[in-house]
Each structure stands twice: as C-alpha cells, then as structure tokens.
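Hi,

Here is the structure I promised to pass on. Have a look at it first, and then read my notes below.

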Amino acid sequence: MKKKTNLGNRLLIGIVFFFLYAPILLLIFFSFNDANSSVIWQGFSLRWYTKLFQNQLIIQSVYNTLLVSALATIIATIVGTFSAIGLYSMRRKFRNPLMTVNSIPMMNADIVTGVAMCLFFVAVLGGWNYLAVNYRFTVNLFGAVYRITFPQLSLGFGTLLIAHITFNIPYVILSVSPKLRQMDKNLVDAAQDLGCTWVQAFFKVILPEIMPGIVSGPLIPFTISVDDFVISYFTAGSATSTLAMQIYSMTKKGVTPEINAVSTILFVVVLVLLIIVNVREIRAEKAAAKRVY
Amino acid sequence: MKKLTALTLACTLAASLALTGCTIERVDGTSTGGSSTDNGGSTDNGGSTGNTQTDGKRVLNVCNWGEYIDVDLIQEFQEKTGIQVNYQTAESNESLYSLLKTGGANYDVICPSDYMISQLIEEDMIQKLNYDNIPNYEKIGDQFKGLAFDPNNEYTVPSTWGTLGIISNKTMVDGEITSWSSLYDDANKGNVLLINNSRDAFGNALIYLGYSVNTTNEDEIRKAYDLIADANKRGIFQGKVMDEVFNKMEQGNAAIATYYAGDYLTMYEVNPDLAYVLPEEGANWFVDAWCILKNAQHVSEAEEWINFLASTESSLANMDYIWYASPNTEALEKYPEYYKETYGEDLDMDLYNIMAPSAEVLKKCENYVVLPEETRNLYNDLWIQLGL
Amino acid sequence: MKNKRSLLAIPYVGWMALFVVAPIVMVVIYAFTTADFSVTGENFTRMGTFTVIFTRSFKLAIIATLVCLLIGYPLSYAMAREGKGFQRVAMLLIMLPMWVNFLLRTYSMMSIMENNGLINQFFAAIGLFDLINGIFGTDIQYFKMIGTQGAVVVGMVYNYLPFMVLPIYSTLIKMDNTLLEAARDLGADSAAVFRKVILPLSLPGILSGVTMVFVPSVSTFAISRLLGGGIQMLLGDLIEQQFLGGAYNPHLGSAIALVMMVIVVACMWVMNRFGEGEEQAVML
C-alpha cells in the first residue's frame, strides 16, 4: 500500500489505543494503591506485591495457567505441524471436510465448546470410573501375582490440558499451511530422488521451508490460552484453578489489588519480552540489509 | 482406513493408561506388605488423577462461598497438617448444586445452607459423618443442632449462621427503611439490587406478601413472582447481584440491597453510611454447615478440615475476618473480648447484635426448608422467566 | 491417499474426532433427551420462551460487530499506511492487552462506568451535571451506564476489537502496491480505487474479522454479567445458568446451545458465500 502518514490517521490510532489502554493503565495504577480499592487513591505502596507472593491461591493459579498454556502450545505446535503436512499431502476430497472440522474449535462459541467438552469428559470419566471400581485385573508376572487397580478419575489438569490443546491446534495449522502452499512441491520429490529417506526429506527440506510459520505460530495460541476463561471454567474441575477462574470468582466480591499486581507483572514481562524480540529482529533485518549493499 | 482407526484408538488407549497412573499391588502370599506404586504422569496438585495419595501427598478439595474464610486459616491448616487444600468458591446454593450435578467437580467438603443440605440428603449426595473424628463438634451450640435439615445430627457440622435483611445507604434513601416494600418501591427506582438466587429473591417477596417462605402453594409463589417481575418491568432494579453487592454498596453505586448480615458488616467497615435492618414483616435466618460428599476421596482430610474450623480459635479468627457468627458457643461469647484484645477498642454491641441476633429476634425469622421437587421446578422456571 | 506423508495427519484426525466431534455429538444427545435420557423434543418446544434473549443477543452482537468494523477498518487502513517501524509497534500494542485477562479488563471498564465511576466523577468535576440541571431543570447526578445495553456493547467492542483489526490489517499489508498504481494509472480516482480494488481485496479479512467478533459477542456471559448488571441477559448467560448456574438443566442448556450454534453457522455460511473461493480465514 501507499505509505503516507497524515495527522488524521495518527489521531485515529491514538484515540483507539487510548480506548484500549485506559482500563489497563487504570488497573496498573491501582496496583500501587495503598488502600484496598480500585476507585479511591490513598497513596503509593508496594504492599499488594508483597501480599501477592504470600497468597498461595493466586500463585498456584498463575502457575497452573502458565503451565497449561505452555504445555498445550508446545504439544499443539508439534501435532499441528505434522498434521498440516499430512493435510497438505492429502487429496482435496479428504482435506476439505477435515479443514472444516479444523475450524470448528475456532469458529464455535467458547461456551458451546466448553459445555460440550464438559459433558463429554464427564461421560467418559464416569464410564471409566465405573469400570475402575467394578473390574480389577490380576496379572501373573514372574511367579508373583499383581493386582492392577485403575484409579478413579475426575476433571482436572489433564482435561484442562486436552481442552487447551484442542483449541490450539487449529491456529498452528492455520499458520503453517500457507508456508506449505508456498513451498515448491518438487523440492521434496527432488530430495527423495536424490536419495533422501522420507525422514531426511522432512528434516532437511520441509522443516526449514516452513520454519517461519512454525515460529510465528505459537504466539497466538499461547496468548489465547492464557486469556481463556470460558473453556477452562467448564473443564478444569475442582482441584485446578487458572488465573482467569480465580479472577472470575473475584469479579463478584471485588477484585483485590493483588490481582492487579499479578496482572501488572505479567503485562510488564510480556512487554519486555516482545520489545527484546522486536529489537533483535530489527537489528537482524538491518544487518541483512547492510550485507546486500 | 480401518487400520488407521485401530492405530488411533490404540494410541489413545496407551496414552490414557500412561497418564492415569494405575496402582499395581502384589497380592500373592509372598508379598512383603509394601505396595509399589506407579504414578506415571500424575500431576502433583491432584490434577486429573484425583486418586488418593499416589505420591504420598494429602490433598483436600474444598468448595465454599466467596469471601467466607480467613485466607490465613487455609495457610495455617496446610502448615499444620501437610494437607494441600484446593480451594474453590461457588456463588449460591443453586449454582453449587449445578456444579455437583454436572459432575465437573469432585469436591470432598462443601458448605451449603440448610435447605440445600436437605435436598442433598434427599438425593443421597452427602455422607454421614463420623463425629468421633470431629471432637470439636461438641463445642457447637445446641440451638444449632437437630434443626430441620439434619434432625438427627448425622450429616453436618454447622459453620456459620445469620440473617438475611435489607442493606441501605442512608445518604441515598429518604426516611428509615422498615419494610420489604422498599425493594419494590418506585421511590428507589434504578437503585435496588435484587439478590441473584431464586430462593432468597422469592423468599423476600413471599415474606412481604405475608406468606411462608416455605410455601408450596403455586398461587402464592406466582404472586411473589408477579411482584418481582412487575418491579423489574418498572425499572426498579439496577441489577441482579450476589457478591457483586460488596463493590456496588461500598462505593455508593446503589441505594438498597438484600444481603446477609455478615457481609453487611464487612461493607460497613468500608462505608459507614450503610445501615442494616430486619424488616417488620420478618425475615429469613440461615445456618450453613460443612458436609462431606458421598463420593469424596479424601474423607479423613475432610474430617480434619471440619474439626480444625470448628475449634474455638479458628472460629474466632474467622468470625473476625468474615463477620458471620459462628455456632461455636465459646467463640460466640468470647468474641467481644477477642475484639478488644486484637484491636484495643471495644466492639460496638449494635454490630455484635446484627452479627449474632438474640433468640428473640430469631423467633421472628423463618428458616428455609427444602421444597418438593415440583415446587423447585416452578422456582427454576419462574427464575429463568424473570431473566428474560 | 496421495502418499505416505498424509499419514502424518492421522493422530490429528483421531484427536479431532475424539475431542471436537464427539463432544458436539454429546450436546446433540443431551438436547434431545430428558433427565432420564428418554428421547424428547420438549427442550426445543420451550425455546419460544427465550425469543427475547435470542433477539437481544443477536441484536447486541450485530451492533458490536458493526461498530468494530467501523472502527477497525479505518484503524487497520491507517496502520497499513504507516512506516514499518510504526506498524511493528502498533501491532504489538494491539496484541498486548490480551495479556491482561479479559475479565479483569472488563472489570476495570465496570469501575470506570459505574454511577460513581471515573466517567461520572469526571463529568461532575467539570460541572457538566450542574450545567444540564441548570438548563433543563432536571436533577441528575450521574449518567446511568452499567446495566444498559449500551454498556454491554461497549464491553464487546472493547474486548473484541483486536480480533477485527488483526485479519483486516494482515490482508491490507499484503496488498500489492502495483495494483493500486495500475488502477490509478487507468484513471480511477481514490474513491474508485478503494471501492473497486482495496475493498474487494480486503474482503477475506473483513469476513474473518466479522466472524471473530460476532461469535464471541453473541455467546458471551461474563461481559453481560459485569457490564449489563445481570439484567441484560444474553444467550451465554442463559446457557451458563443451565449448567453451572442457578437453574440446573443441562438438557435445556444443550438445546439452547445447539440452536444458537445452528443459527451462527447459518449466518457464517451465508456470509462466506460473499467471500467465495477463499479457502480459509485469514488470521496471520
């Protein structure tokens, strides 16, 4: 597009960003409030930050959130990358219906996904528990008899992770697929003709080609995972709480500035990380530009 | 395609087996009594494998109301017993019931109110307690034992009690509030907060109309519904709230709300313009009690938890934090003294009487009992209709 | 199958069948049964009662989507015309708010819009209410915002605007400059260039953005609860109420979810026919 800056554009951008950031700045501001309030300012204090680290419930929920998001993103990236390659190699007849299914978790309303998964997990685990209670296996191994008892299961970290992986995979596939389509189809065949095995062709040809897609892929699913409330709410069960669930229960009785504090920390950490990454990229680009001349 | 399906199924099965961490015990005669456990992928916070003590860590899943415990007590309990407490909150008795019924939750110990306890007993969802393991049960006052929800004292250990009355902001209403009618009065248009659960909301209307809160007469309930629905149409209500009431009342965003006495006292600490009244028509008083669920997997931990909270020290600390009266007789008597020791000033006895009203006052108040299923369904239907 | 590589998709196909398709089948089963799992259509015949909520949800979601489009398109357009460095920063700033949980952001919005919130306090401080009361002889101390449908729409726009900007912006920056020059050279004025070249080329982004704003808006329950004061009930609230809320009935809840899903899918289908040929949503 034609690059032209004018005041009107800048003004529009400024106003929208003010709208987006005013509530965030406000809550960051009140995390330093001495009083337990997000309306009345009573002087600067760091006491909510100290209190935060003593609050096991919040710390545990932050840990759960980051862990589930990180695991889900990693697994989804691996599975998603392979699946994208698989889907890309399929005939259209097979691929198109699968791409439709792929878009379900993204296009479906969160609450429907959450409710559906909740019903499904409860039914499956209910069946499992019934079996676990009523059937016990004994195994005769090297002369000793062992009894295998299957534990009773319930919704928890495992189901939460499954749910997050499920809604993360489609985003990974979406970011990898375009790179695959851009790739020269003959490259792989050429590699194999030249004696590469299937696996070698994958690592030496396909992977480097689609790397940009894989690298930029996880950011969005990870962000969405961290931000997710509705699906977690329906699949996390009673023993696991994510930060979002913790916040939801607090939005009712009044959010304490501890939550503002933890959000401020997260916000600043991400901001710093993104700045570092971007500065590096800019430097790399500049270095690359210099090399050309 | 068949092969693929089989492969996928096999993979899933293998993965699920690896993740669930099944227990393998030696059961033949040569066993030394020790059992080897294989806790493959089980997460240490009790995660998806809610099984007992695979890795020797004791866990307890608690569900309580929001803002209903001194958080330090949880910490103290964990340090004292080494039991890890997974603490979650529910919003109202009805949503707790949904949570249990959906099957999404596997709590061990919960703290429902009187009428909900009856319903849970009726549906065989909670288990009888072994009071030998809860010695502090003795300290609970007799007036809280043998109540309608647990006539033979088999299922529950009372944890808190109080009344449901009207909270108003003196600077925002004219004159003194004495009647439930103020909830439906045009004078307070747009400034009334309706309580967001069917039992309490209809209960208030029923008392105002002069009916029993436990009526099963459909006409009476429908009249109560009409009263609320009509007020809603006239724009009297600013919103439907449960714990959101704290912020709204504390910051003067609404003039009138119905809520529980203990929570009023918490709000009063922040905003001294607030007043609490039990209307002349009468009101509701409630008892919340600890129960252990039928399918609880950590019963002994749950008993320890209940016993810990029923002790006089915990009751005092909790009462001081949440402002709900404890049924522990000793704690109830000692509280003014405790207050003086902690804060170095006398407790305002007016506040104490709001927190723990005398037997005389309670006589004017009615306790909820469980309603028959038919009436409950009517409540549900009308409640949904009200939201339209 | 074309070759062995397509086998790589098998675990994924299994996963999706198990965790995407099977759960939806469960919803369908629940929707057509009663509490004791006998087949019934009763859950759907009751749907008429909820027409008000269906209408309200779709109305508010459509308004929110339109507002997002009206703000989001010019914004993306403006961003795409900036320099590379500016664009980079702007993109960062669009994504960054998602790192503060949306519930907390909405909660913050709530404290801004309360009767005693920042906006009203600001208006009171500059004497706006005195002025109005002086002119019209009224007696108002605040503008009522919480509990109104307007507040819910503001909350939706606030939360979902980035989902409109991202896809539109990414189609705009991919646009080939030479095309625009060609159009100009062939005598099109800037309005015509926009209408005949830019708009059609960015249509996939618009469609994708509209979907990504409309779907969460129509099904939200946290926003309506916080900003609508609980009296502006939306479909999300209704469904949540049946599962984890105050009126337990997962069968009715499933039926409502199913009807909502069908309507949404129908809307998307009709809409996507305009963007014919585009294989998938543009997101990155």
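**A helix to start with**

Let's begin with helix H9 of chain B, residues 299–310: it has 12 residues and reaches 16 Å from its first C-alpha to its last, close to the 16 Å expected at 1.5 Å a residue. Keep in mind that this is a predicted model. The buried residues of H9(B) are B:Glu301, B:Ala302, B:Glu303, B:Trp305, B:Ile306, B:Leu309 and B:Ala310.

**The core**

B:Val109 turns up again in the largest nonpolar core, which has 256 residues. Along with A:Val115, B:Tyr264 and C:Val27, B:Val109 is among the residues with the most contacts inside this core. Which element gives the most to it? That is helix H8 of chain C (residues 149–174), with 16 residues. Both domain 1 and domain 2 of chain B supply the core with at least three residues each.

**Two domains in chain B**

About those domains: the assignment for chain B gives domain 1 as 58–161 + 286–352, and domain 2 as 162–285 + 365–386. Their centres, taken over C-alpha atoms, are 25 Å apart. Where they touch, 21 residues of domain 1 are in contact with 16 residues of domain 2. On the domain 1 side, helix H3 (93–102), helix H4 (114–122) and strand E6 (157–169) of chain B each supply at least two residues. H4(B) gives the most to that side, with 5 residues. Sorted by class, the domain 1 side has 10 nonpolar, 6 polar and 5 charged residues.

How many helices and strands does chain C have? The count comes to 13 helices and 0 strands. Its C-alpha atoms fill a box of roughly 80 × 70 × 35 Å along the principal axes. Of the 284 residues in chain C, 49% are buried. Take the contacts in chain C with a separation of 6 or more: 73% of them are between residues 24 or more positions apart.

The contact between chains C and B takes 23 residues from chain C and 31 from chain B. On the chain C side, the elements that give two or more residues are helix H1 (10–31) and helix H3 (51–80) of chain C. H1(C) has the largest share of that side, 4 residues. By class, the chain C side has 12 nonpolar, 9 polar and 2 charged residues.

**One residue in chain A**

Now find A:Asp110, which lies in helix H5 (residues 110–134) of chain A. Is A:Asp110 buried or exposed? It counts as buried because 22 other C-beta atoms lie within 10 Å, and the cut-off for buried is 20 or more. Leaving aside neighbours within four places in sequence, A:Asp110 is in contact with A:Val230, A:Ile231, C:Pro216 and C:Ser219. A:Ile231 is 121 residues away from A:Asp110 in sequence, yet their C-alpha atoms are 6.2 Å apart in space.

**How confident is the prediction?**

For chain A, the mean pLDDT is 84, and 97% of its residues reach 70 or more. Where pLDDT is low, the predicted coordinates should not be read in detail.

Cheers

Technical notes
Residues numbered from 1 in each chain as written. Chains lettered and ligands numbered in written order. Predicted model: local features only at pLDDT ≥ 70, side-chain atom pairs only at ≥ 80, totals over all residues. Buried ≥ 20, exposed ≤ 12 C-beta atoms within 10 Å, placed from the backbone. Contact = placed C-beta atoms within 7 Å. Domains from an automatic or database assignment. Nonpolar A, V, L, I, M, F, W, Y, C, P; charged D, E, K, R; others polar. Expected span 1.5 Å × (residues − 1). pLDDT = per-residue confidence, 0-100. Core = buried A, V, L, I, M, F, W, Y, C linked by C-beta atoms within 7 Å.
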